[in-house]
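Please keep the sequence and the model open while reading the numbered points.

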Amino acid sequence: MALRNAVMAALLKGEASGYDLAKAFDATVANFWMSTPQQLYRELERMEAEGFVTARVVEQKRRPNKRLFSLTEAGRKAVHAYTAEPLGKPAVVRDELLVKVQCVDVGDMEAVRTAIAERMQWATAKLAGYERLRQRLLDGRSEEAYFAEAERIGPYLTLLRGMSFERENLRWGDMALRRLEQRTAALRADG
């Protein structure tokens with residue numbers, strides 16, 4: 001998937017500045033696509049040059065002027081075409097923590113346990129942020145009411161996937177820490 005597809009997905013909500021898009025990526029799209037603000041701004045420039053987005057300048061008195069981007073009809077057609085394309089291979093997980101866990105039997109077990117605990121703290125914070133976003137999206141409605149009434153349900157579905165991912169990180173981390181503690185106890189008993 002190209003960054004442009006994630007940008008177009010974010011712009012489906014409506015007009016946004018590059019700064020707003022970067023914040024939106026952190027709050028929503030980041031659960032399935034990571035991008036730096038610099039990459040985002042470069043992609044917006046390319047997309048504007050190719051006619052997928054248009055930008056208008058909003059003058060501000062106490063701040064620099066900002067550019068607000070929106071999808072063009074060509075951009076909306078590109079989104080439609082993208083969703084019709086067959087999926088590529090599933091994403092490859094490249095996670096340094098998992099490499100450290102793979103080496104734990106000859107490595108520094110306590111350092112690996114600390115790294116897992118830190119990952120769990122990160123997942124807990126991420127999950128709390130997702131829950132706040134979920135409550136904002138629901139706006140007092142049940143999920144069933146949201147799905148029946150909301151103009152767009154895709155962002156909510158991807159949010160649920162992000163929440164599921166972080167819950168699984170917590171479940172795995174808890175299990176891994178228990179197993180490493182059992183191994184540490186067994187090694188102490190033998191040694």
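1. Basis of the note. This is a predicted model, in which local features need pLDDT of at least 70 and side-chain atom pairs count only at pLDDT 80 or more, while totals for chains, interfaces and linings use all residues. Residues are numbered from 1 along each chain as its sequence is written, and side-chain values use heavy atoms, with hydrogens and water left out.

2. Elements and overall form. The protein holds eight helices and three strands, where helices (H or I, at least four residues) and strands (E, at least two) are DSSP runs numbered from the N terminus. Read from the N terminus, their order is α-β-α-α-β-β-α-α-α-α-α. With a radius of gyration of 21 Å, well over the 16 Å that the globule rule gives for 191 residues, the protein is more spread out than a compact globule; the radius is taken over C-alpha atoms, and the rule is 2.2 Å times the number of residues to the power 0.38. The C-alpha trace spans about 70 × 45 × 40 Å along its principal axes.

3. Among contacts with a separation of 6 or more, 57% are between residues 24 or more positions apart, a contact being heavy atoms within 4.5 Å.

4. The cores. Which residues touch the most other members of the largest nonpolar core? In this core of 19 residues they are Val7, Met8, Leu11, Leu21 and Phe25, and a nonpolar core here is a set of buried Ala, Val, Leu, Ile, Met, Phe, Trp, Tyr and Cys residues joined through side-chain atoms within 4.5 Å. At least two residues of the core come from each of helix H1 (3-11), helix H2 (18-27), helix H3 (37-49), strand S3 (66-71) and helix H4 (73-84), and H1 gives the most, with six residues. Apart from this core lies another, of nine residues, including Leu127, Tyr130, Tyr146 and Met163. In soluble globular proteins, nonpolar side chains tend to be buried together.

5. Leu71. This residue is found in strand S3, and at 13% relative accessibility Leu71 counts as buried. Leaving aside residues up to four places away in sequence, Leu71 touches Met8, Leu11, Leu12, Phe52, Val53, Arg76 and Val79. Two of these partners, Met8 and Leu11, were named above for the largest nonpolar core. The C-alpha atom of Leu71 is separated by 19 Å from that of Ile153, which is 82 residues away along the chain.

6. The loop between H6 and H7. Asp139 is found in the loop between helix H6 (109-138) and helix H7 (143-149), and Asp139 is exposed, with a relative accessible area of 63%. Arg141 has its place in the loop between H6 and H7 and is partly exposed, at a relative accessible area of 28%. Not counting residues up to four places away in sequence, Arg141 touches Tyr146, Glu149 and Ala150, whereas the C-alpha atoms of Arg141 and Thr124, 17 residues apart along the chain, are separated by 24 Å.

7. Two further positions. Ala2, in the segment before H1, is partly exposed at 36% relative accessible area.

How values were computed
Buried < 20%, exposed > 50% of the residue type's maximum accessible area, 1.4 Å probe, protein only.
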